[in-house]
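Reader: I am new to this structure. Please walk me through how to read its features.
Author: Gladly. Ask about one feature at a time.

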Amino acid sequence: PPTVRLEDYRPSDHLIDRVELDVRLDPHDTRVTATLALRPNPAGRAGAPLVLDGDDLTLLALELDGQAPAPDAVRADASGLTLHRPPQRPFTLRIETRLDPTANTRLMGLYRSNGVYCTQCEADGFRRITYFLDRPDVLSVYTTRIEAEREAAPVLLGNGNPVEAGTVPGTDRHYAVWHDPLPKPAYLFALVGGRLDRVAKPFTTMEGRAVEIAVYVEPGKADRAAYALDAVERSMAWDETAFGRAYDLDLFNVVAVSDFNMGAMENKGLNIFNDKYVLASPETATDGDYAAIEAIIAHEYFHNWSGNRVTCRDWFQLCLKEGLTVFRDQEFSSDMRSRAVHRIAEVRNLRARQFPEDAGPLAHPVRPKQYAEINNFYTATVYEKGAEIVRMLRTLIGETAFRAGMDRYFADNDGTAATVEDFLKAFEAVTGRDLSRFAEWYERPGTPRVAVSGSYDPAARTYRLAFRQTRPGAGADAPPLVIPIGLGLVGPDGPLDGPLAPPFAERVEDGVFVLETAEDAVTFENVAAEPVPSLFRAFSAPVRVESPLDDAARLTLLRHDPDSFNRWEAAQRIALGLMTAQVRDETAGDAGADDFVVALGAFLDAEALRDPAFAAQVLALPSEGDLADEIGTEIDPDAIFAARRDLRRRLGTGLRERLLSLREALAEPEGTPFSPDAAAAGRRALRNAALDLIAAADPEAGTALAQAQIAQATNMTDRLAGLAALALVPGEAREAALSAFAERYANEPLVLDKWFAIQAMIPEDGTVERIRRLQGHPAFANTNPNRVRSLVGSFSLANPTQFNRADGAGYALVAETVLALDGTNPQVAARLMTAFGPWRRLEPVRRAAAESALRRIAATPGLSRDVTDIGTRSLA
Ligand code: DPP
Ligand code: ZN
């Protein structure tokens, strides 16, 4: 496929000021008439041909200023329309196309989901609706008339504000006209038509604008939309307080559909969501679902400023809106919940998804320099590492300057399509700092390493910390990164950085040292006793740390560090060390494991009931993926599984009495109404973390507890945790519980997704065969991305032993699914295929099996550009 390069960017030769769309919806014969007000772009090439993008379009009619153009003046086919000699003045094109939304299985452009007409235009779906300059730096004002059969589509929604509605005389059809006053790129266009129920509430912005917030869902599901509606309201209020950003239209609509490639989409005034991230009730949604709904509702809403009011010049700048908006939604969730616990969740997610990506063949800079298929760059690197860069920027310049820089960014770039440079320029303007070296974070792939060593001089009462940064694969020419390091010193009885005669170091300001060179060191004065350094507090930079700490030092941090993140990190590092030692067949681990159990026991006694959510995070061991990432080469997933299982057993045995009594102490008194808030969710999390460890040590006791929990469950979190515990114990009890669950939720596709996922993650030989059976289950459909992700996605990402079966059966299953999907939904197929990313780091037998599965996919004729791109890069 042709490669698009950042260095080749040039402005469009033409602009489209106004777009009038007339969309007559029909299941198979939708007619779209686009009237485009075009003009040459003064910044483009004079006299250049007009080349409009198209994808799978059927052209019915074309007029230029009211006339049919001469046949030799135009070339049009399914994938584009060229006017060879367009007028050198403003002109109008009227284009009529025909679409078949029912046949659109790619879920890009206009399609139908359970009968509801909806659209997805990011990144390049608008060109599947009409011929257009489908690039984010062409901004137009849209007026959309939507017409449909009233019976089939009583609700008709567009971007912006409604201006007119009525019936089409002499027919059973009606229409609505929507006008969006703010210029926007085509990727933010949307329309919806269908039978939908609605919940709504008013909101008055800080500017005094009366806004109606509404959430639309499939008929009969309105009672599950309340939490999402509430989350929109909280997001609107938060963005006003935290960033001074008010909403700018009279309506804000959210529509939930069941077939959606991604999580959700920030179309102007008309966000369209995967229903998984809208619908919630205690009976159907876990605490994790509630948290994800809150975060994604906020994320899409926050795009109204970071993405819509200020959009991206080109798709290389994707992180400009995504990294920034993830940072904003993380801050929102931290304010709504526990900041410390949320930071742990963010870092777990970064390490689980972004670190492996950055260490494998699909690694790319946060701002890529080239792509063959942009849809493959909606990645953890662009989103999550992109958010970490924004966070580091805030750490470097401080909160006040950060807020001022954000204000400046929005003010200077409002209504434009901006770049990463424009973003940094705003912060340079308010701080007077040169951020050109910091900008290097956007340019190169790979997770940096920082090696740290410490030395104490008791006579001088000084403590010196030395740092050295390296980057994998970076050549000698690579400039060092600017790395903010959150720092503190902890003594045997608590923080040394207390208020009385604290240690100090000249270049540590507000607890942050900035490493800007390959090597540097900092010396603390006035250090009364040998300290334990607390490094990269709150995970101040997305790096791997080669730490000087031994387990005794880590236990000191677990006990005394005022930085909660590093307390959690200390426990994780000890656990990782114990498990990797076992994988590497080192025998030294045993005594260490006993010490760890004792320390965790003391920790639970002191703090579990004070902060159950945090305690649950401390008890949850690093995942198999974390271990694989730590080990890095010659990975044997079976050995990793065994090491993790053994440590869980050890904890479950050693802490059994405490875990049982915690479960008692944390149980909700009967009749307590369900609350999805962070405190109640934290209590459930700790009870369920305890269940997991008890069951690991004593499957029989675990089974009994899990069965009782399922029987008494008043919410999905507890029910599913019970089922997850049972799923790890082969036998009758498991199968009976699975059947009962399926029966109870037979008409709940989103709940059955959980049932598919739990079975897909069973770490046993029979799982591949079980999944093949489930692919034939009446509730399963390859055409629905949520189903595919639940069954096959969970398998490939969260069942390392079975996906990586030495006989290749796991790889074969995923490869077949990728190929089966590629013809209908290449975006989802390509995403599924990224699970093969770490293949080169596997031990030789599995490496060969994974490679041959990848090669089998790559050698299949007629592959989509999406899958071809992943195949090419994975094998390069
Ligand atoms: N732009 C979307 C988002 O919010 C992706 N579909 O991430
Ligand atoms: Zn986004």
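Reader: Which strand and which helix each supply at least two residues of the shell around ligand 1?
Author: This is a predicted model, so keep that in mind throughout. The two elements are strand S19 (264-265) and helix H2 (287-302). Each gives at least two residues to the shell around ligand 1.

Reader: Which residues surround ligand 1?
Author: Take them along the chain. Glu122 comes up, then Met262, Ala264, Met265 and Glu266. His299, Glu300 and His303 follow. Glu322 and Tyr378 complete the surroundings of ligand 1.

Reader: How many nonpolar, polar and charged residues does that shell around ligand 1 have?
Author: Four are nonpolar, two are polar and four are charged.

Reader: Glu122 was on that list. What is the peptide bond from Glu122 to Ala123 like, cis or trans?
Author: The general idea is this: most peptide bonds are trans. The bond from Glu122 to Ala123 is cis, with omega near 5 degrees. Ala123 sits in the loop between strand S10 (116-120) and strand S11 (140-149).

Reader: Where is Arg461, and what is its phi?
Author: Phi of Arg461 is near 55 degrees, a positive value in a residue other than glycine. Arg461 is placed in the loop between strand S24 (449-457) and strand S25 (462-470). Arg461 has 14 C-beta neighbours inside 10 Å, so it counts as partly exposed.

Reader: How do I read a pair of packed helices?
Author: Two packed helices are described by the angle between their axes and the distance between the axes. The crossing of H4 and H12 is left-handed.

Reader: Which residues of H4 and H12 meet?
Author: From H4 come Arg351, Ala352, Phe355 and Pro356. They meet Gly625, Asp626 and Asp629 in H12. The residues of this contact divide into three nonpolar, one polar and three charged.

Reader: On to sheets. What is the order of the open sheet of three strands?
Author: The order is S4-S7-S6, with antiparallel pairing. Strand S4 (50-53) and S6 stand at the edges, each with a single partner strand, so one side of each is left without a neighbour in the sheet. The twist averages 5 degrees from one strand to the next.

Reader: How do S4 and S6 pair with S7?
Author: S4 and S7 run antiparallel, joined by four bridges. Leu52 stands opposite Leu81 in S7. Strand S6 (residues 74-77) and strand S7 (residues 80-83) also pair in the antiparallel sense, over four bridges. Val74 has Leu83 in S7 as its bridge partner. S6 and S7 form a hairpin, with two residues between them.

Reader: What is the strand order in the open sheet of seven strands?
Author: Read S5-S8-S3-S2-S11-S14-S13, with mixed pairing. Strand S5 (58-64) and strand S13 (161-167) stand at the edges. Each has a single partner strand, so one side of each is left without a neighbour in the sheet. Neighbouring strands of this sheet are turned by 15 degrees against each other on average, direction ignored.

Reader: How many bridges pair S13 with strand S14?
Author: Six, in the antiparallel sense. Strand S14 covers residues 173-184. Pro162 stands opposite Trp178 in S14.

Key. Residues numbered from 1 in each chain as written. Chains lettered and ligands numbered in written order. Predicted model: local features only at pLDDT ≥ 70, side-chain atom pairs only at ≥ 80, totals over all residues. Near = placed C-beta within 6 Å. Nonpolar A, V, L, I, M, F, W, Y, C, P; charged D, E, K, R; others polar. Left-handed = near helix turned anticlockwise from the far one by under 90°. Contact = placed C-beta atoms within 7 Å. Pairing = 2+ DSSP bridges. Axes fitted to C-alpha atoms, helices over the stretch in contact; angles between N-to-C directions. Buried ≥ 20, exposed ≤ 12 C-beta atoms within 10 Å, placed from the backbone.
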